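Please keep the sequence and the structure in view while reading.

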Amino acid sequence: MDKNKRKNLYRQMSSMKTGLILLGIAGLVLGVGSVVFPDGYTKTFVFRLVFLLALLNMTLCAGNQCKLFFTRCKAGAKGTLLRTGALAALHCGIVLIILGGMFYYFSGVRGQVPVPEGEQVDVNAISLGKIPYALRLDKFYMDFYPDGSASQYNADITLLKDQIETAQGTTRMNAPFQAHGAKFYISKYGYGIQIKTTSSTELRESDYLGKGESFLFSGTQQSLEIVDYLPNYDPAFGNESKTERPDNPRVLYYMRHEGQEKAKLQVAGIQEWIKVDEDLYFQFAEVKPYVLITYKFDPGLPVVALGGILLLGGAGIVFMKGKRN
């Protein structure tokens, strides 16, 4: 390729018009791809290639603006120096935002994991080693208004590495816990219910069951299906809890007999013994909360933040200069 052709190619690749076209294509590719291939589309070769081209173009644009700024500094062109510097900052900001986004697409991770209170999960395994810790939910609790409605949801969590505690903190709704470059949010909460049965031959305890899960009474043709856990049961509210504060906890459930389609909805208190037959009783022995934790590791976030500051600052100065002129 001769010198003139290289100059023309550089000029085309470093033009703002080309950059806007590439960014538009990237947005279109992202939109279409996310609908057609919703799982992990941002990790595909096509998506990364388009964004790499956009990054290359905006880097060249930013380089041109910075070169122009320093040239005018040497020439003492004070009248246009501020606007030129603002344009350089604006372009550098765009580059940093794209670069930070690509850091996340290439090496970031985001996911969700349910964690029962008092138990831990290996986030290292499910985050592909990008968050090399286990997460333990020490306690889930709510703060309440005087009327019993929840004012805040709190989860005390601990991060561990090789069973050694490395960080502790509390995550709340809209207030994530941050440690080791990762963030942890409360996305959802629920309850698991343990069933205990007793008979003349055995004492049996179930795993913690959630909504819609069933428990089969051994040696019988009867099963139990969990409908819901209501922290504050009031018949006037039907199948809904009056408040989230545990003033009158109850479990809604169905008792089913094999071969019978219909089942009557029933209500029982915690640790209340209920007769199944002459030699078999059960109780809802314990209710344990669990939290769906969203975890996120974004190594490009500081870069994006700096880019946003440069972009907004540069755009503001360009706007004000243009308005004055």
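In this predicted model, Lys 242 and Asp 234 form a salt bridge, and their closest N and O atoms are 3.9 Å apart. Lys 242 is partly exposed, with a relative accessible area of 43%. The count of salt bridges comes to 9. Among them is the pair of Asp 228 and Lys 211, whose closest N and O atoms are 3.6 Å apart. Asp 228 belongs to strand β10, whereas Lys 211 lies in the loop between β8 (203–209) and β9, so this pair ties together parts that are 17 residues apart in sequence.

Another salt bridge joins Lys 275 to Glu 278. Here Lys 275 counts as partly exposed at 45% relative accessibility, and Glu 278 is exposed, with a relative accessible area of 68%.

| Salt bridge | Closest N and O atoms |
|---|---|
| Lys 242 and Asp 234 | 3.9 Å |
| Asp 228 and Lys 211 | 3.6 Å |
| Lys 275 and Glu 278 | 3.2 Å |

Salt bridges can also be linked into a network, as they are for Arg 136, Asp 138 and Glu 165.

**The sheet that contains β10**

In what order do the 4 strands of the open sheet with β10 stand? The order is β9-β10-β11-β12, and the pairing is antiparallel. Strands β9 and β12 (265–269) stand at the edges with a single partner strand each, so one side of each is left without a neighbour in the sheet. On average, and with direction ignored, neighbouring strands of this sheet are turned by 35° against each other.

Strand β10 covers residues 222–230 and is mostly covered, since 8 of its 9 residues are buried. Towards β9 (residues 214–216), β10 pairs in the antiparallel sense over 3 bridges. Within this pairing, Leu 216 stands opposite Ser 223 in β10. The hairpin of β9 and β10 has 5 residues between the strands, and in this hairpin Gly 219 takes a positive phi near 80°.

Strand β10 is also joined to β11 (residues 250–257), by 8 bridges, and these two strands run antiparallel. Two residue pairs may be located in the structure. Glu 225 has Tyr 254 in β11 as its bridge partner, and Leu 230 has Arg 250 in β11.

**The sheet from β2 to β5**

An open sheet is also formed by 4 strands in the order β2-β3-β4-β5, with antiparallel pairing. Which strands are its edge strands? They are β2 (120–122) and β5 (164–172), each of which pairs on one side only. Neighbouring strands of this sheet are turned by 25° against each other on average, direction ignored.

Strand β4 (residues 150–161) runs antiparallel to β5, and 8 bridges join the two. In this pairing, the bridge partner of Asn 154 is Arg 172 in β5.

**Cysteines**

How many disulfides does a search of the whole structure find? The search finds 0. A disulfide is a covalent bond between the sulfur atoms of two cysteines. For Cys 66, the nearest cysteine sulfur is that of Cys 92, at 3.7 Å. Because a disulfide is counted only for sulfur atoms within 2.5 Å, Cys 66 is in no disulfide. Cys 66 is partly exposed, with a relative accessible area of 21%. Cys 73 is likewise partly exposed, with a relative accessible area of 35%.

**A nonpolar surface patch**

Phe 45, Val 46, Leu 49, Leu 53 and Leu 56 make a nonpolar surface patch of about 470 Å². One of these residues, Leu 53, lies in helix α3 (residues 45–75). Is Leu 53 buried or partly exposed? Leu 53 counts as partly exposed, because its relative accessibility is 36%, and a residue is called buried under 20% and exposed over 50%.

Conventions. Residues are numbered from 1 along each chain as its sequence is written. This is a predicted model: local features need pLDDT of at least 70, side-chain atom pairs count only at pLDDT 80 or more; totals for chains, interfaces and linings use all residues. Side-chain values use heavy atoms; hydrogens and water are left out. Buried means under 20% relative accessible area, exposed over 50%, partly exposed in between (1.4 Å probe, protein chains only). Two strands pair if DSSP finds at least two bridges between them. Axes are lines fitted to C-alpha atoms, for helices over the stretch in contact, and angles run from 0 to 180 degrees between N-to-C directions. Patches are made of residues with over 30% relative accessible area and no salt bridge: like charges are joined within 9 Å, nonpolar side chains (Val, Leu, Ile, Met, Phe, Trp, Tyr) within 5 Å. Accessible areas come from the Shrake-Rupley method with a 1.4 Å probe; for residues, only the protein chains shown count as cover. A salt bridge is a side-chain nitrogen of Lys or Arg within 4 Å of a carboxyl oxygen of Asp or Glu.
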